[in-house]
Amino acid sequence: MVEDHGIDELVRQWTADRSQDAELTAASQLASEWLAESTFVTTPQAPGIPGQRGAAGSSRLFSVESVSPAYVAAMRNRLPGVPEDLLAAAANCWQLVGDIAEAEKWWDAGLSPLDQRALDYRAAGLSPADLARHLGPYTVLEHLRRGSSAAWCVARLRRQRRDGVG
């Protein structure tokens with residue numbers, strides 16, 4: 001292979017020319033001033049949806065002032081011995097998306113009230129009744145526990161319903 005030492009010199013010259021370009025310098029200065037004046041916050045925010053950030057977030061989409069005692073009592077009946085703060089946190093999540101009866105259906109289908117993946121499964125389109133349905137040799141719940149995505153399970157269930165298999 002033939003080496004061309006002139007390329008390095010050309011790159012150095014191009015870089016020097018570009019760094020002395022008055023237009024680029026002015027554009028960079030304007031961008032810096034604009035960013036300094038903007039309300040852009042450079043402090044890191046807690047990850048998650050703003051309404052789920054709690055006090056760490058800069059804004060809240062919604063708030064739940066207090067957790068319903070009925071939710072906490074229902075969870076306490078299912079999970080005796082779990083600390084109150086953990087029960088309240090889980091109850092708060094369930095309270096935002098549904099009622100106690102629906103949460104109990106998920107629990108009866110095999111998901112703990114502390115397992116927040118149930119909320120993801122619900123959002124993907126699964127119902128508690130779907131968890132016991134078979135997709136091949138495993139139930140939907142077994143597929144989920146083995147690492148299959150909820151979207152994959154929903155797609156397979158829809159295909160079963162469409163084909164009249166399930």
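**View 1. Where helix 3 meets helix 5.** A70, Y71, A74, M75 and R78 of helix 3 meet I100, E104, W107 and D108 of helix 5; a contact here means heavy atoms within 4.5 Å. Sorted by type, the residues of this contact are six nonpolar, no polar and three charged. In this sorting, Ala, Val, Leu, Ile, Met, Phe, Trp, Tyr, Cys and Pro are nonpolar, Asp, Glu, Lys and Arg are charged, and the others, Gly among them, are polar.

A word on what you are looking at: this is a predicted model, in which local features need pLDDT of at least 70 and side-chain atom pairs count only at pLDDT 80 or more, while totals for chains, interfaces and linings use all residues. Residues are numbered from 1 along each chain as its sequence is written, and side-chain values use heavy atoms, with hydrogens and water left out.

**View 2. How the two helices cross.** Helix 3 covers residues 69–78 and helix 5 covers residues 100–109; their axes come within 11 Å and cross at roughly 20 degrees. Helix 3 is therefore roughly parallel to helix 5, a label for angles under 35 degrees. The axes are lines fitted to C-alpha atoms over the stretch in contact, and angles run from 0 to 180 degrees between N-to-C directions. Helix 3 passes helix 5 in a right-handed crossing, meaning that the near helix is turned clockwise from the far one by less than a right angle.

**View 3. Around H143.** Look for H143 in helix 7, which spans residues 140–145. Is H143 buried or exposed? H143 counts as buried because its relative accessibility is 10%; buried means under 20% relative accessible area and exposed over 50%, with partly exposed in between (1.4 Å probe, protein chains only). Leaving aside residues up to four places away in sequence, H143 touches L135, Y138, S148, W152 and C153.

**View 4. A151 in helix 8.** A151 sits in helix 8, residues 150–163. With a relative accessible area of 53%, A151 is exposed. The C-alpha atoms of A151 and D120 are separated by 9.8 Å, and these residues are 31 residues apart along the chain.

**View 5. Stepping back to the chain.** The protein chain has eight helices and two strands, which are DSSP runs numbered from the N terminus (helices H or I, at least four residues; strands E, at least two). Along the sequence they follow the pattern α-α-α-α-α-α-β-β-α-α. Of the 166 residues in the protein chain, 22% are buried.

Definitions and conventions: Angles under 35 degrees count as roughly parallel, over 145 as roughly antiparallel, 65 to 115 as roughly perpendicular and the rest as oblique.
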